[in-house]
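Thanks for coming. I will walk through a few local features of one structure, one region at a time. Please have the sequence and the 3D view open.

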Amino acid sequence: AANFMQENPNYEIEISRTPFAKYEETIRTILAGGDVPNVIQVNDDHVKFYAYSGWLNQLDDFAKDWTVQRDDTYVNFWDFNFYEGKMVSVTPGVKVREHFYNKTLLDEAGLAEPSEKWVDPSWNWDTALQYAKKLTKREGDRTAVWGWSISHEAAAGSVMIDNAIAGRNDQYSGDGLKFMAATPAGWEAMQFVVDLTTVHKVQPPWGINQKGANVDNLFRSGQLGLWYSGSWQLPTMQDVDFEWDLAPNPMKVEGNTQASLVCYGVPSKAGQPLESGKFAAALMEEFTAKTWALNGFAIPVVKEYAEKYYIQPDRKPSRQTVITNGLNYAYPPMFTVYTSKAKAIWDSSYKLTWSGEATAKENMLAVKDEIETILAGK
């Protein structure tokens, strides 16, 4: 913002910050009122719903004159910003989901480092499970080192389902109408994650694994071998005193990943739409990309800037290109107008699977019809 005002002295920008946990409720209340900001962050799972609700301006008239255009970007993330053929948001940066590994623990267990390639059949679910079993260390009734942790969150289940089923999908089909978690490959993927805890005993139990910070601390303290997380963790990992690095997510049928998108929109009630569109354009340009890349916040979606700024030789780890290469295999989640409502149902059912009350198959089939009715907008 300071740089934008320096280059555009007729503009003055005030920034309003809201804690993430309260953001969605707060911004919807503001949008329903009359005094709205000129530019807002839009959580990626709600972009389509905001557009459907008429809360976002179309940006096409502004975007045609932007310095950055579609062919300059990883197009999956440019295309995400369209609703019914119109651009309704911008995605300047993304955060890629991948695996961290404790190289010191791998060396002690006599295990080779995982492949750096995003599609490598040798680095698959079964191989990673064997790694996890060798990495897990028990001292009597206590587990001193856990082999693997895949977050219980919906996004983790989505990636596993995507990689178990060929084609562009996650827990929902590419057209957003079918509940893929309620297919054999879908529920087997979800059950695989839970079984790491309940059957194989290589993953922390629900009470630990459901809290992201708990697992983060396990890895940082050298008590976790393989950790499914994301690029946003890199800035906080620089002072860890053991050797660690990055690997793609283990594959099954295919080897994709998901990215969390950092999206911004111009509210339909914005009092200065022209000026807001100009600032939205600036969020896509080099200064912003460089700033976010250097502090590790997000990977620029403009290919030139991602390659130019995100890889930093003086920063850990050595395999930073796993993240930038991952952008070629990363997709936005299959969000539609209706998926955020469906997510609450399927995520609750996923938690029941973790509790052992029923299998993933039973839980997903139990909500299949309800979810597909929601996805159809009925």
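Let me start with a loop. Lys-201 sits in the loop between α9, residues 184–198, and α10, residues 206–209. Please keep in mind that this is a predicted model. The phi of Lys-201 is near 60°, a positive value in a residue other than glycine. Most residues other than glycine have a negative phi, and most peptide bonds are trans.

Glu-84 is not a glycine, yet it has a positive phi of about 50°. You will find Glu-84 in the loop between β2, residues 82–83, and β3, residues 86–87. Glu-84 counts as exposed because its relative accessible area is 68%, and the cut-off for exposed is over 50%.

A positive phi also turns up at a glycine. Gly-377 follows α17, and the phi of Gly-377 is near 75°.

The backbone has one more item for today. Which kind of peptide bond joins Lys-316 to Pro-317? That bond is cis, and its omega is near 0°. Pro-317 belongs to the loop between α14, residues 303–310, and α15, residues 321–326.

Next, a helix. Helix α17 covers residues 360–375 and bends by about 45° at Lys-368. Several residues of α17 are buried, including Ala-360, Met-364, Val-367, Ile-371 and Leu-375. Asn-363 and Glu-372 are also among the buried residues of α17. What covers these buried residues? The cover includes α9 and α16, the latter being residues 339–355.

Now a strand. Look at β8, residues 244–247. Trp-244 and Leu-246 point one way from β8, while Asp-245 and Ala-247 point the other way. All four of these residues are buried. Strand β8 pairs with β4, residues 90–102, in the antiparallel sense over four bridges. To find the pairing on screen, go to Trp-244 in β8, where Asn-102 stands opposite.

On to charged side chains. How many salt bridges does the structure hold? It holds nine, and I will show three of them.

Arg-28 is partly exposed, with a relative accessible area of 26%. Glu-24 has a relative accessible area of 15% and is therefore buried, as buried means under 20%.

While we are at Arg-28, consider what else it touches. Leaving aside residues up to four places away in sequence, Arg-28 touches His-46, Phe-49, Tyr-50 and Trp-55. For a sense of scale, take Ala-213, which is 185 residues from Arg-28 along the chain. The C-alpha atoms of Arg-28 and Ala-213 are separated by 28 Å.

Another salt bridge links Asp-79 and Arg-70, with the closest N and O atoms 2.8 Å apart. Asp-79 is partly exposed at 35% relative accessible area, and Arg-70 is partly exposed at 34%.

Arg-168 has 28% relative accessibility, so it counts as partly exposed. Asp-162 counts as buried because its relative accessibility is 2%.

Finally, empty space. Rolling a probe the size of a water molecule over the atoms shows where empty space is left. A search of the whole structure finds one cavity of 30 Å³ or more. About 40 Å³ of space lies in the largest cavity. Which residues line the largest cavity? They are Trp-66, Phe-77, Trp-78, Asn-81, Met-87, Val-90, Thr-91, Met-284 and Val-301. The elements giving two or more residues to this lining are α5, residues 75–79, and β4. Strand β4 has come up already, as the antiparallel partner of β8.

That is the end of the tour. If you want one place to begin on your own, go to Lys-368, where helix α17 bends by about 45°.

Definitions and conventions. Residues are numbered from 1 along each chain as its sequence is written. This is a predicted model: local features need pLDDT of at least 70, side-chain atom pairs count only at pLDDT 80 or more; totals for chains, interfaces and linings use all residues. Side-chain values use heavy atoms; hydrogens and water are left out. Buried means under 20% relative accessible area, exposed over 50%, partly exposed in between (1.4 Å probe, protein chains only). Two strands pair if DSSP finds at least two bridges between them. A salt bridge is a side-chain nitrogen of Lys or Arg within 4 Å of a carboxyl oxygen of Asp or Glu. The bend at a residue is the angle between axes fitted to the seven residues ending there and the seven starting there. Contact means heavy atoms within 4.5 Å. On a 1 Å grid over the protein atoms alone, a cavity is a set of points where a 1.4 Å probe fits but cannot get out, and a pocket is an open set with protein on both sides within 12 Å along at least five of seven lines; lining residues have an atom within 4 Å of a point. Grid points are joined across faces, edges and corners, and a volume is the space filled by probe spheres set on the points.
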